[in-house]
Amino acid sequence: MSRRVPRSPGPAALALVLGATLTAPLALTAPAAAATGQVTVTALKFTVQAGGRTCTVDADLYRPADVDRAHRAPAVLATNGFGGSKSDGSTDAIGKAFAQRGYVSLVYSGLGFGKSGCLISLDDPTIDGVAASRLVDFLGGRRAADDGTKADFVTLDAPGDPRVGMVGGSYGGAIQLATAAVDRRLDALVPMITWNDLAYSLDPNNAIGSGSVPGAFKWQWANGFYLIGEGQPLLEPSLDPSRINSLACLHFVTKACDTVRNLNSGRYPAKQTAELLAYARSVSPVSYLNRVKAPTLLVQGQADSLFNLNEATATYKTLKGQGTPTKMIWQSWGHSGGITDPAAGELNLGQGNLDTSYVGRRILAWFDRYLGKKSVDTGPAFAYYRDWITDPDGTYATADRVPAPSRTLYLSGDGKLVDNRSKVARGSRTYTNWLVSTSHSESSLYGILGLPDPAPYDTPGTYLGWTSEPLGRTTDVVGAPRATLKVVSPKAERTQHSEDAADKLVLFAKLYDVAPDGSRTLVHRLVAPVRVPDVTESFTVTLPGIVHRFEKGHRLRFVIAASDDAYFGNRGIKPVTVVSAPKDTGVLQLPVVG
């Protein structure tokens with residue numbers, strides 16, 4: 001079945017990005033056919049073998065009217081975010097946006113979503129990546145769709161090798177890296193707001209060198225996605241039988257269900273936990289980036305507690321270190337906010353402002369460079385949005401690398417954050433956790449269900465804070481702060497060598513901006529969960545990356561809290577004491593620029 005949509009250069013261009021996000025509604029109905037005819041849209045089915053199953057892939061082919069066998073064009077391949085389909089607003093917009101610019105576009109419902117078959121397998125390269133590779137076969141003329149349709153109008157670099165890029169966000173971002181790991185024919189990638197390591201995303205431990213020690217389960221985000229996956233019959237009636245696993249695990253592959261159930265149990269038995277977290281890593285880019293050679297433009301959101309900036313940074317450093325052409329942008333919005341109402345001048349899913357937004361223009365340049373016009377400038381290595389700039393044309397700053405920590409502050413025994421070790425006062429302070437959560441950063445369910453979300457808070461007696469003097473000048477922090485700590489917790493020491501890692505001490509590190517009137521801002525509501533690897537030793541915590549201006553007269557406040565209600569915390573009551581002395585105290589390092 002075919003329909004036609006108008007071909008134009010403008011605003012319909014880019015709701016481009018993301019069936020990726022759960023703050024936007026899950027639109028699962030096909031868009032209405034347009035009346036004019038410069039782009040033909042044809043619904044196609046592909047039967048593929050993936051993960052030992054036969055899967056039907058539901059796709060739409062967007063073909064510009066002036067593209068044919070004698071006048072070929074490069075292609076763009078895309079799929080939906082988690083819970084979406086080829087027909088949700090943003091995924092469908094990818095097809096329209098690039099076809100209107102002369103590209104052949106193929107958008108499809110990922111395995112287990114929309115009307116595509118098979119189980120949800122978390123963008124496993126051996127399953128989801130292989131299925132996407134079969135669609136690259138179609139674009140390269142190696143195979144036809146089930147109805148016999150052939151794509152003999154795509155630019156080829158060699159027989160069976162189409163010139164093709166991929167774009168999309170979140171679940172539709174990781175699939176690009178998974179596909180590139182199994183198919184070298186991809187020529188350009190633009191993964192947006194996606195993950196590096198699902199073990200870190202869903203069960204983060206921000207202690208450097210934590211090794212096999214698990215983190216603190218991000219239960220709200222993880223269970224939100226799990227329920228969307230298991231609830232597919234409510235979203236898509238008359239499911240393909242290949243999408244049914246078992247009564248115990250309806251729509252995911254079994255190991256994915258096992259992983260979520262183990263994390264929900266609150267237990268971390270060594271062998272079982274190691275196996276399940278190893279599974280989460282095995283289907284994550286961190287395990288296969290060494291096979292990704294396609295030029296990659298990473299776009300990550302600052303407002304994102306699901307996949308924070310550290311995830312994109314890890315992917316960026318790995319790809320760049322192995323010689324894969326790679327650049328990175330930190331835009332303003334992510335899973336935690338700004339998607340439906342971006343800041344002025346930002347890439348806007350509703351307006352589709354590809355040509356007028358900084359990120360949109362960078363995406364266009366990336367595809368122009370690697371899918372056609374070899375001389376196009378793709379921009380700086382690193383760019384980041386600054387929310388304190390009022391001119392939309394000047395909100396992005398650029399650099400040749402991600403800033404490293406450059407300023408050190410010290411944790412004084414009197415609760416001050418000082419700029420010189422000699423100013424550290426001797427002293428000790430103690431907090432203790434309760435059996436219920438006593439700190440709040442963000443309700444992830446707000447993004448999923450639109451629930452009310454109170455301001456961040458910490459309950460007295462269940463946290464420690466260190467506060468600087470009012471700043472003598474504005475201070476711009478760009479990157480991931482680090483803190484090195486040593487704590488005393490006799491109860492945690494007694495369970496240090498338990499066979500269940502859930503007995504280890506858990507704490508949450510975070511950085512506040514305190515205004516002169518005493519009001520506090522937890523930047524993008526981000527926290528760093530830590531399950532302390534060895535409570536008898538000092539440890540270093542990498543906080544989530546931020547881009548934030550601390551204005552002159554404001555104060556920095558570093559906090560460690562006993563709990564956070566978006567995460568699973570301590571088992572049992574474990575009082576914690578922090579001791580400070582001039583020659584032996586904790587430090588906070590900030591990546592300050594300008």
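**A loop residue and its surroundings**

Guide: Arg 525 counts as partly exposed, at 23% relative accessibility. Buried means under 20% relative accessible area, exposed means over 50%, and partly exposed lies in between (1.4 Å probe, protein chains only). The model is predicted: local features need pLDDT of at least 70, side-chain atom pairs count only at pLDDT 80 or more, and totals for chains, interfaces and linings use all residues. Residues are numbered from 1 along each chain as its sequence is written, and side-chain values use heavy atoms, leaving out hydrogens and water.

Back to Arg 525. Its phi is positive, about 55°, although Arg 525 is not a glycine. Most residues other than glycine have a negative phi. Arg 525 sits in the loop between strand E23 (520-522) and strand E24 (528-531). Helices (H or I, at least four residues) and strands (E, at least two) are DSSP runs, numbered from the N terminus.

Ser 170 is buried, with 2% relative accessibility. A glycine comes next: Gly 266 follows helix H7 and has a positive phi near 75°.

Stay with H7, residues 254-264. Its buried residues are Ala 256, Cys 257, Thr 259, Val 260, Asn 262 and Leu 263. They pack against helix H5 (219-230) and helix H8 (270-282). Contact here means heavy atoms within 4.5 Å.

The link is right-handed, with 75° about the S-S bond. Cys 257 has 0% relative accessibility and is buried. Cys 249 is buried too, at 3%.

A search of the whole structure finds two disulfides. The other joins Cys 55 to Cys 118, S to S 1.9 Å. That link is left-handed, with -90° about the S-S bond. Cys 55 lies in strand E3 (residues 53-64) and Cys 118 in the loop between strand E5 (104-108) and helix H2 (125-139), so the pair ties together parts 63 residues apart in sequence. Both ends are covered: Cys 55 has a relative accessible area of 0%, and Cys 118 has 2%. Counted along the chain, the bonded cysteines follow the pattern 1-2, 3-4.

Helix H1 (residues 89-99) is next. Nine of its eleven residues are buried, so H1 is largely enclosed by the rest of the structure. Among the buried ones are Asp 92, Ile 94 and Phe 98.

Now step back to the whole. The protein has twelve helices and 30 strands. Its radius of gyration is 25 Å, close to the 25 Å that the globule rule gives for 594 residues, so the protein is as compact as a globular protein of that length. That radius is taken over C-alpha atoms, and the rule is 2.2 Å times the number of residues to the power 0.38. The C-alpha atoms fill a box of roughly 80 × 55 × 45 Å along the principal axes. Buried residues make up 61% of the 594. Of the contacts with a separation of 6 or more, 76% join residues 24 or more positions apart.

Key: Disulfide = S-S within 2.5 Å.
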